[in-house]
Amino acid sequence: MTPAELRAVSRLGGQAFAGLVSRIEQVHQAIGGRAFGSIGPVSAPVRFIHDSIARGVYRAVGSAGPAAGVLGGQAASRFGATGQDAAGGPASSVALATLNAFAGDRLGPDLAPLAIRMAVRVDGSDVEPTAQQVRDAFGDATPKLAVFLHGLAETEKSWLRQASRSEPYGRRLQAEFGYTPVYIRYNTGRHVSDNGHDLAALLDELTTAWPHEIQEILLVGHSMGGLVIRSACYYGACYYGACHYGTEASAPWVERIRHVFYLGSPHLGAPLARAAGLVGWALGRVAETRPFADLLTGSSAIRDLRHGYVLDDWAACDPDGCLHNHRRDVPLLPGASHYAISAAVSADPESPLGAVVGDLLVQPASAHGRRGRRQHIPFSVDQTRGLGGMHHFDLLNHPDVWEGMRSLLRSP
């Protein structure tokens with residue numbers, strides 16, 4: 001880790017310790033308040049003494065955490081830094097992605113070295129969207145781009161899952177269709193709409209800096225990555241403004257999009273995210289558990305995944321964690337072919353078990369944009385695939401998924 005990252009990790013540890021102490025204090029106060037309240041006014045003197053002593057102890061213990069974090073960070077940065085950023089190592093990059101997934105929208109300036117910024121990645125490093133860096137990073141660039149967006153708590157390396165058993169999609173698209181694979185990493189703990197804005201801006205810069213005039217763009221999104229793609233297409237088609245398709249001129253890269261693949265994307269939300277919201281709401285109803293409710297309701301991304309928000313619909317959410325659905329059904333980008341591929345752990349994806357359990361995280365109905373008899377997301381029937389015998393993360397690299405992608409690309 002770099003010195004800045006080590007200092008940030010130490011500060012994060014101190015803040016986490018202080019946060020835990022604060023939560024314990026709130027639980028203590030809730031239990032004490034309930035006990036003293038049952039006794040009545042006669043307990044007021046004892047309660048005053050109890051609360052004063054407890055408050056002083058918690059403040060002393062809680063303040064020690066941040067101080068120790070700062071001092072420990074200074075020492076660690078001097079003696080333990082390697083000079084390589086945390087995203088370079090396999091284990092540290094996964095840990096960093098997980099941290100960003102659950103707290104990425106709350107990493108303030110003092111923890112900025114731990115916040116992942118959206119960037120094109122090549123060989124474990126960011127590529128700035130300038131003509132020189134893009135030319136150096138993509139020496140074999142072609143006029144066709146295949147851009148990959150990972151899902152929650154993943155990285156650009158997730159697309160190489162089980163690469164020894166199955167050739168990754170990027171290499172296959174390059175070998176068979178002439179696309180240059182471009183992998184993007186981003187902070188998955190932020191709102192989908194915020195990442196959509198950033199992706200639209202990044203694609204604008206990348207296509208401007210590309211060594212060739214771009215003929216076409218293919219986009220591939222796994223899980224939440226598919227929602228970010230839809231968000232970016234919406235904003236890019238409207239010059240990053242909140243409008244409907246066709247009301248304003250599109251950014252140049254939008255007009256080059258020909259194919260978009262959504263692999264297990266929760267267009268209508270994910271059951272586990274909704275369950276987390278309900279549990280968080282229930283914890284918030286009881287004083288003794290209320291301090292822990294935000295652990296389940298605090299992440300911006302998880303709130304978006306409850307109903308499949310791609311725009312800033314989250315702004316209308318209730319303070320209890322967005323239990324009610326405020327999603328606007330955004331149309332798919334016109335002029336491009338859109339393909340939805342879902343998975344189910346059951347051998348038959350159309351069985352009742354497959355419909356309910358899905359790939360363990362996303363149900364096929366949500367991945368295909370359909371709930372009941374209503375088609376919320378207008379995927380045509382011949383541009384969807386339901387695959388059995390695999391789970392959510394198998395969609396990142398699986399020969400059956402590739403066969404589905406190839407057949408869709410070759411279809412008229």
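Predicted model: local features only at pLDDT ≥ 70, side-chain atom pairs only at ≥ 80, totals over all residues.

User: Let me start with the rings: how many aromatic pairs does the count come to?

Analyst: Residues are numbered from 1 along each chain as its sequence is written, and side-chain values use heavy atoms, with hydrogens and water left out. Now the rule for rings: those of Phe, Tyr and Trp (its six-membered ring) pair if their centres lie within 6.5 Å; planes under 30 degrees apart count as stacked, over 60 as edge-to-face and the rest as tilted. Here the count is 8 aromatic pairs. One of them joins Tyr-234 and Tyr-235, edge-to-face, with 5.7 Å centre to centre and 85° between the planes. Ring pairs also link Phe-148, Trp-159, Tyr-169 and Tyr-183 into a cluster.

User: Are Tyr-234 and Tyr-235 buried or exposed?

Analyst: Buried means under 20% relative accessible area, exposed over 50%, and partly exposed in between (1.4 Å probe, protein chains only). Tyr-234 and Tyr-235 are both buried. Across the protein, buried residues make up 49% of the 412 residues.

User: Which ring does the charged end of Lys-144 sit over?

Analyst: A charge sits over a ring if NZ of Lys or CZ of Arg is within 6 Å of the ring centre and within 35 degrees of the ring normal. For Lys-144 the ring is that of Tyr-179, and the charged end is 4.4 Å from its centre.

User: How many helices and strands are there in the protein?

Analyst: Helices (H or I, at least four residues) and strands (E, at least two) are DSSP runs, numbered from the N terminus. The protein has 13 helices and 10 strands.

User: Let's take helix 5. Which of its residues are buried?

Analyst: Within helix 5, residues 169-177, the buried ones are Tyr-169, Gly-170, Arg-172, Leu-173 and Phe-177. They lie on the same side of helix 5, because they cover an arc of only 165° around the axis. The arc is that of the directions from the helix axis to the C-beta atoms.

User: What do the buried residues of helix 5 pack against?

Analyst: Contact means heavy atoms within 4.5 Å. The partners of these buried residues are strand 3 (144-149), strand 4 (180-185), strand 5 (216-222), strand 6 (257-263) and helix 13 (399-410). Just after helix 5 comes Gly-178, with a positive phi of about 80°.

User: Which residues other than glycine have a positive phi?

Analyst: Ala-153 has a positive phi of about 60° although it is not a glycine, and Gln-162 has a positive phi near 50°. Ala-153 is in the loop between strand 3 and helix 5, and Gln-162 lies in the loop between strand 3 and helix 5 too. Ala-153 counts as partly exposed because its relative accessibility is 28%; Gln-162, at 35%, is partly exposed as well.

User: Now a loop residue: where is Asn-187 found?

Analyst: Asn-187 is in the loop between strand 4 and helix 6 (192-209). Its relative accessibility is 3%, so Asn-187 counts as buried.

User: And which side chain does Asn-187 join through a polar contact?

Analyst: A polar contact is a pair of N or O atoms within 3.5 Å; within protein, one must be able to donate a hydrogen and the other to accept it, and residues adjacent in sequence count only if both atoms are side-chain atoms. The side chain of Asn-187 makes such a contact, of 3.2 Å, with that of Asn-100. A polar atom of the Asn-187 side chain also lies 2.9 Å from the backbone nitrogen of Gly-189. Leaving aside neighbours within four places in sequence, Asn-187 is in contact with Asn-100, Gly-104, Ile-116 and Asn-195.
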